[in-house]
Amino acid sequence: MNNLDVVIIGAGAAGLFCAIEAGKRGRKVVVIEHANKPGKKILMSGGGRCNFTNYHIHPDCYLSHNPHFCKSALKRYTQWDFIELVNKHGIPFHEKTLGQLFCDEKSKAILNMLLAECNKAGVEIHLETEITKITKVDNNSFQLSTTRGEYICESLVAACGGLSIPTMGASPFGYKIAEQFGINVWPTRAGLVPLTLHDHDKARFEELSGVSFNSLVSNEKINFRENTLFTHRGLSGPAILQISSYWQAGEALSINMSPDINLETELKLAKSQYPTKLLKNVLSEYLPKRLIEVIIAREIADIRITELSHQALEKIADSINDWQVKPNGTEGYRTAEVTLGGVDCNALSSVTMQVNDVPGLYFIGEVVDVTGWLGGYNFQWAWSSGWAAGQVA
Ligand SMILES: Cc1cc2nc3c(=O)[nH]c(=O)nc-3n(C[C@H](O)[C@H](O)[C@H](O)COP(=O)(O)OP(=O)(O)OC[C@H]3O[C@@H](n4cnc5c(N)ncnc54)[C@H](O)[C@@H]3O)c2cc1C
């Protein structure tokens with residue numbers, strides 16, 4: 001029998017960070033992980049360079065049924081605190097864009113830092129361990145039956161992550177624990193995920209696979225100004241990943257393919273200044289040639305601009321400045337970076353992450369109904385919520 005102060009389920013970003021903090025307080029901590037290695041998602045994150053936080057962390061950059069919930073943890077353990085830790089370990093990093101901080105070298109640097117801190121704090125990590133049963137023994141302890149034997153602990157922290165990338169160890173275990181203890185779980189869906197197109201659009205745009213362009217992508221709730229990328233199945237790129245978290249099935253998106261230019265004005269101006277220019281040559285100043293060839297019918301693209309009426313130019317401008325596209329769906333958890341929904345924040349304390357009605361039980365990280373934007377926001381939530389629980393668990 002393993003007699004412990006704290007058992008943390010999941011050796012991902014949130015679980016390891018919570019373990020460090022609890023261990024530093026002198027608590028006897030074990031992290032149980034069912035995969036053969038800790039921190040697999042950290043290793044694959046940020047294209048292998050871990051976008052570990054963002055200079056502009058703000059509660060408005062998180063989705064949740066309770067948008068206030070994330071505020072306390074994000075305020076108490078901030079991006080500046082994590083940057084300080086990264087600096088202390090001498091890990092070189094840089095800002096890529098929009099405040100996003102990436103390692104100069106491999107993501108492994110961040111995982112090694114967490115493991116070194118775990119080691120220093122006396123944390124044990126038990127890999128390849130499956131939990132078969134969790135029982136609340138009395139008011140002060142939980143018992144876990146596992147493939148490695150029995151564990152008894154005072155505090156149990158669920159840090160099992162969401163459902164994205166099942167091949168990396170993702171499982172619904174955290175939601176199951178919530179259900180076992182009568183805690184509401186909001187329906188989950190894939191977030192930060194490429195969108196697929198209906199067959200007719202897919203056939204039309206397939207040849208553009210690999211083409212990316214500067215864009216402003218909007219729906220009724222929000223807009224994102226970043227690149228959009230055509231893929232074999234549909235649309236991706238940072239602007240699409242961002243809006244995917246806010247997209248509802250059946251909804252159309254507006255994509256402005258030339259967000260700095262009012263094309264209606266420019267085309268009308270070109271008509272008066274360069275009447276003999278072909279439409280496609282005018283447009284090529286603003287858009288990739290391959291894109292023009294697909295979105296503007298050839299018989300129109302090859303017309304001299306003077307031959308096009310103002311009404312026709314308005315329509316052409318509209319198809320570029322306000323392309324209305326109705327995605328078919330998302331690529332799902334297979335490629336999603338995060339899982340939206342999850343353990344209801346209203347069941348937890350926003351200060352400690354402890355379940356209000358089950359003393360000693362905590363939920364942290366992605367399993368909780370808090371989902372960040374693309375750009376380091378999700379790791380910051382993992383650090384901040386892990387830190388918050390680690391102060392008391
Ligand atoms: C491809 C990809 C790239 C990403 N890049 C970034 C990025 O650059 N920046 C950013 O901020 N976010 C990024 N994210 C999101 C980020 O990885 C997650 O938000 C973050 O890892 C969540 O941390 P977590 O600890 O809550 O969950 P996880 O990191 O998923 O950890 C959960 C752990 O629990 C374990 N587990 C699950 N079930 C059980 C069980 N039954 N028993 C024991 N253990 C279990 C899992 O194996 C896993 O190790 C990326 C995600 C993906 C998929």
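**Ligand surroundings and packing in a predicted model**

A nitrogen atom of the ligand lies 2.9 Å from a polar backbone atom of asparagine 51. The structure is a predicted model, and the distances and areas reported here are computed from it. A nitrogen atom of the ligand is also 3.2 Å from a polar backbone atom of histidine 34. On the oxygen side, an oxygen atom of the ligand is found 3.4 Å from a polar backbone atom of glycine 169. Taken alone, the ligand exposes 990 Å², and 94% of that is buried by the protein.

The protein as a whole has 393 residues, of which 54% count as buried. Its secondary structure comes to 14 helices and 21 strands. The C-alpha trace spans about 85 × 40 × 35 Å along its principal axes. Among contacts between residues at least 6 apart in sequence, 72% join residues at least 24 apart.

The largest nonpolar core contains 127 residues. Within this core, the residues that touch the most other members are Phe82, Ile110, Leu144, Leu361, Phe363, Trp381 and Trp383. For tryptophan 383, leaving aside neighbours within four places in sequence, the contacts are Ala13, Phe17, Phe52, Tyr77, Phe82, Ile110 and Leu114. Two of these partners, Phe82 and Ile110, are themselves among the core residues that touch the most other members.

Three further positions were examined one by one. Serine 155 belongs to strand S10 (residues 149-158). Serine 155 counts as buried because its relative accessible area is 4%, and the cut-off for buried is under 20%. Beyond four places in sequence, serine 155 touches Asp5, Val6, Val7, Arg27, Gly360, Tyr362 and Ala393.

Leucine 235 is placed in strand S15 (residues 234-236). With a relative accessibility of 0%, leucine 235 is therefore classed as buried. Not counting residues up to four places away in sequence, leucine 235 touches Pro194, Leu195, Leu197, Thr228, Leu229, Phe230, Ile240, Ile255 and Val325. Serine 212 is 23 residues from leucine 235 in sequence, and the two are 9.5 Å apart in space, C-alpha to C-alpha.

Arginine 25 is in the loop between H1 and strand S2 (29-32). Its relative accessibility is 37%, so arginine 25 counts as partly exposed. Although arginine 25 and alanine 393 are 368 residues apart along the chain, their C-alpha atoms are separated by 9.7 Å. A polar atom of the side chain of arginine 25 lies 2.9 Å from the backbone oxygen of alanine 393. Outside four places in sequence, the residues touched by arginine 25 are Gly390, Gln391, Val392 and Ala393. Alanine 393 is also one of the residues touched by serine 155.

Notes
Residues numbered from 1 in each chain as written. Predicted model: local features only at pLDDT ≥ 70, side-chain atom pairs only at ≥ 80, totals over all residues. Heavy atoms only, no water. Polar contact = N/O pair within 3.5 Å; in protein donor to acceptor, adjacent residues only side chain to side chain. Areas by Shrake-Rupley, 256 points an atom, 1.4 Å probe, with all protein chains shown as cover. Core = buried A, V, L, I, M, F, W, Y, C linked by side-chain atoms within 4.5 Å. Buried < 20%, exposed > 50% of the residue type's maximum accessible area, 1.4 Å probe, protein only. Contact = heavy atoms within 4.5 Å. Helix = DSSP H or I, 4+ residues; strand = E, 2+ residues; numbered from the N terminus.
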